Amino acid sequence: MAKKQSAEVVVEGLKKLLISEEQGLDEEVQAKVEMLIAELQGKRPFPPNDPPAQQILDGFHHFKTNIFYKNPECFAALAQAQHPRFLVIACSDSRVCPSVVLNMKPGQAFVTRSIANLVPRGDQPFNTETGAILEYAIKALKIDNILIVGHSRCGGIERLMSLPDENGSHSHTFDFIDDWVKIGLPSKHWILNNHAHLPFEEQVKFCTQMQVNVSAGNLLTYPFVRDALLRGNLTIRGGYYDFVNGSFDLWKVFSSPNAPPHLNFGV
């Protein structure tokens, strides 16, 4: 309702601008104003030369027709509050969509995504967003399950494994990306110390799986996560999704009230 009223106010303002003799609008400006009014009033068809925008609208139409309208009770309840059971920490990779891969419905999962599904330690840089998400999930939503999902052919982990040594150089420098993936350096060092003989592709796979566990350990550097675990109110799981073979491995990282305060993989 408020959105409709706002649009009406804008339309009226544009009409006044268009008909005002004092403005002296030229033909081009008048045409643009008239076009904008038509769009706001819903009288102008969507531009045929904007396929991405059309895909967005078609996608929402499909959702509204096939999901929203067919589940009125569900969305009525969600309009009142959310009570997800899972916090899913996944990669930003376009091939890895937790809601699709795990068939989670609206309201079932609180989701955060980042390159390589990395979790920084609470005392490291880049921890503000992660800390806010974890704090809200644990304290406000009372999440009792955290799932960290790694996946096959992860570009972020490939970048991590390709980072040069301190004295090395790299043909392509990505300041933000490189700084971010360095969160996973403990995993990289562990792989190089224990699996240096493996082909690079295998090293990336092992590092991806290792980093899921290291990120789980990093979760415990946030006091409210550690407290929830020690009280027995939280289970932390790891997962590995292989979209090449269509498989999903799931394991439990922490669930016991006697879980250690941190993980150390010999790094």
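In this predicted model, strand 4 and strand 5 form a hairpin in which four residues lie between the two strands, and glycine 246 in the turn has a positive phi of about 70°. Strand 4 covers residues 235–242 and strand 5 covers residues 247–254, and the two pair in the antiparallel sense over seven bridges. Within this pairing, isoleucine 236 stands opposite phenylalanine 254 in strand 5.

Strand 4 also pairs with strand 3 (residues 145–151), here in the parallel sense and over seven bridges. Strand 4 is largely enclosed by the rest of the structure, because seven of its eight residues are buried.

These pairings belong to an open sheet of five strands, arranged in the order 2-1-3-4-5 with mixed pairing. Strand 2 (109–114) and strand 5 are the edge strands, each of which pairs on one side only, and neighbouring strands of the sheet are turned by 20° against each other on average, direction ignored. Helix 10 (residues 200–219) packs on this sheet and touches strand 1 (86–91), strand 3, strand 4 and strand 5, with its direction making about 155° with that of strand 3.

Turning to the surface, Ile115, Phe174 and Ile177 form a nonpolar patch that has about 230 Å² of accessible area together. Phenylalanine 174 is found in the loop between helix 7 (155–162) and helix 8 (175–181), and with a relative accessible area of 40% this phenylalanine 174 is partly exposed.

Terms used. Residues numbered from 1 in each chain as written. Predicted model: local features only at pLDDT ≥ 70, side-chain atom pairs only at ≥ 80, totals over all residues. Heavy atoms only, no water. Patch = residues over 30% accessible without salt bridge, like charges linked within 9 Å, V, L, I, M, F, W, Y side chains within 5 Å. Areas by Shrake-Rupley, 256 points an atom, 1.4 Å probe, with all protein chains shown as cover. Salt bridge = Lys/Arg side-chain N within 4 Å of Asp/Glu carboxyl O. Buried < 20%, exposed > 50% of the residue type's maximum accessible area, 1.4 Å probe, protein only. Pairing = 2+ DSSP bridges. Axes fitted to C-alpha atoms, helices over the stretch in contact; angles between N-to-C directions. Contact = heavy atoms within 4.5 Å.
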